[in-house]
Amino acid sequence: MSTVRFRVLPQKAASFSAQPLNRTLSKWLTIGLLVAPGMIVFLTFLLIPIAQSSYYSLFKWNGFGPPTNFRGLDNYVDLLSDGVFLRSIGNSLILMTSSLLLQLPLALGLALLVGRGQLVGRHIFRAILFIPYVFSEVITALIWLYVLHPNMGLMNRVFEAIIPNFKYIPWLADRNIALYAIFLVLTWKYFGFYMILYMAGLQAVPKELEEAGRIDGCNEFQVLRFVTIPLLGRTIRLTIFLSVLGSFQQFVIIWILTQGGPVNATSTIATYLYKYGIQRFALGYGSAVAVVLFCITLFFSLGYQRLVMRQDYVLRE
Amino acid sequence: MTTYAPTIAALPSKPKRPISARRLLLNIAKYAVLTFVAVVILAPSLTAVLGGIRTTGEFLAEPFGLPKQGIQWQNFVRILSNPDFWNAFKNSILLTVGVTVIGVSLSACLAFVFSRMQFLGKGFLFNVLSLGLLFPLVVAILPIFIQIRQLGLINNLWGVILPMVAFSLPGSVVILRGFFMAIPTELEDAAYIDGCSTLGFFRFILLPMARPAIAAVATLQVIGAWNEYFLPLLVLNDPKLWPLPLGIMQFQGQYGSEWALIMAYITILIIPVVIFYIFTQRFIVTGLTGGELKG
């Protein structure tokens, strides 16, 4: 407040009375200038399209001309009775559960190893473990297309060398394995990201508290279990949130590796949306898929933030 | 406080000499785990590089062999002499520069207003923007596609740039706002006393001070734009406009069985990314963790 008073000092005394109005005007002009471009782009390319899709989802629409063939909620009825769609939701849920149960603990364990302590060379390990995160999804998928190749892939070669009489496994072509092979690729690419988040969280854990635990007779495991991990709670809750949202938006890697096959074994909501909404140009039906996807995301996000992360100030208010 | 800590910690360790043998074993176990994970991480990328410098036959016979028939430079020559590659490269640069420059400018402006100015409706606007955090690009891809068609931006690089900017804004604004708020108010007061305008303070004092945060946000934008595949796939039908991720997929479609060539292409794309990563690692880390982890 005091700043504003100082600002008018060097100006002419005559303009003093007109100042408040000018000042408000120029303040709003500044705000408009700074806010408008960003908000216009944001509204035009994010919020308005998302809002519109709930309207389009009520039509049968191939995208030519305005939508006229009103179907009410029929798209949703079709969608929820389509076995492939339900399978896709199931697959997304499997990816989500495996991420939570395997990917996050792995990332946490490695963060504990390289995040601190006096292990020589931990910075180098840390840099290596994080590399896949900067690779594009396309490059990741192409590399793994080779690694998981049924005849000459690296994976089968390695197992052949280690296990005697090993029979080559068609990783991506076997209906029962393909989804887990994809999970492996996703873990390879993304665990480094969670590891970095855990490392940031670990830096905020006061060493004195762990030391106190040790003095009170805890062994290393107990210190970890009863001091370190509880103090990491905020970071753990955040990574769970990001991991769940992340598993519902996997597309590129899955699409390049399997296109959702074999026989929809790796179909997820995003590949379903692409295959049945965009490739077939069923924009009304696709919009219904998108709306269901929004509902899942919104429901989860708001519920999780209300119930679990409320105390964490995720948005750093 | 801190000066005493080492002495206290050092005290009990003296009588506990035998522990150090166990600690040694523990350290060996730690290194074993880390080495194993590092190998799993590096091996696939390494095969790509080793595949690119050999013939397809050599590569398929031995994934980890060294080039016995000499380094196959012609793999790289064939890709680098292809005008399609350079065209895709140019498109990737245009997209990345466009998304980064526009995205960073717009988010810095928004973050400044949300962190430093008071006005009616500020909370509401910020909440509207935060809503965007809930919708990743992949999830909203169909609505975006419909909107781009209606605006006539199909087959136009702007049709990729603007949605990518829109989807990056909420995250970038949240990160930058945090950094901007950490800059002391006294500085702002001092600037105004010296006759600085609001915009002047933003441009000449706040932005230069927040340079690490800006770099972090920009780095994340560069990575995101350079790697984006899904949106260009939908928006750009004309192969002349395709960026590198689409270019390599087209190349893979054409030369599906010539693994050495594909691996060479992957190598060409990986090397600049790794170099970029080495130089920007700390910015990436700052950006992802909101400045909590020092690189």
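Biologist: What are the helix content and end-to-end distance of residues 177-197 of chain A?
Modeller: That span is 95% helix and 0% strand, and its end C-alpha atoms lie 30 Å apart. Helices are DSSP runs of H or I, at least four residues, and strands are runs of E, at least two, numbered from the N terminus. This is a predicted model: local features need pLDDT of at least 70, side-chain atom pairs count only at pLDDT 80 or more, and totals for chains, interfaces and linings use all residues. Residues are numbered from 1 along each chain as its sequence is written, and chains are lettered from A and ligands numbered from 1 in the order in which they are written.

Biologist: And residues 127-147 of chain A, how far apart are the ends?
Modeller: Their end C-alpha atoms lie 22 Å apart. The span is 90% helix and 0% strand.

Biologist: Which residues of chain A does UniProt list as "transmembrane region"?
Modeller: The unreviewed UniProt entry lists 28-51, 93-115, 127-147, 177-197, 238-258 and 278-300. Positions are in the numbering used here, feature names are shortened, and annotations may be inferred rather than shown by experiment.

Biologist: Switching to the interface. How many residues of chain B are in contact with chain A?
Modeller: 79 residues of chain B are in contact with 75 residues of chain A. Contact means C-beta atoms, placed from the backbone, within 7 Å.

Biologist: What is chain B's side made of?
Modeller: The side touching chain A has 61 nonpolar, 14 polar and four charged residues. Nonpolar covers Ala, Val, Leu, Ile, Met, Phe, Trp, Tyr, Cys and Pro; charged covers Asp, Glu, Lys and Arg; the others, Gly among them, are polar.

Biologist: Why does A:Asn264 count as partly exposed?
Modeller: Because A:Asn264 has 19 C-beta neighbours inside 10 Å. With C-beta atoms placed from the backbone, 20 or more others within 10 Å is buried, 12 or fewer exposed, and in between partly exposed.

Biologist: What is the phi of B:Asn155?
Modeller: Positive, about 60°, although B:Asn155 is not a glycine. B:Asn155 is in the loop between α7 (141-150) and α8 (158-181) of chain B.

Biologist: Last one. Where does α14(B) bend?
Modeller: At B:Thr280, by about 70°. The bend is the angle between axes fitted to the seven residues ending there and the seven starting there.

Technical notes
Contact = placed C-beta atoms within 7 Å.
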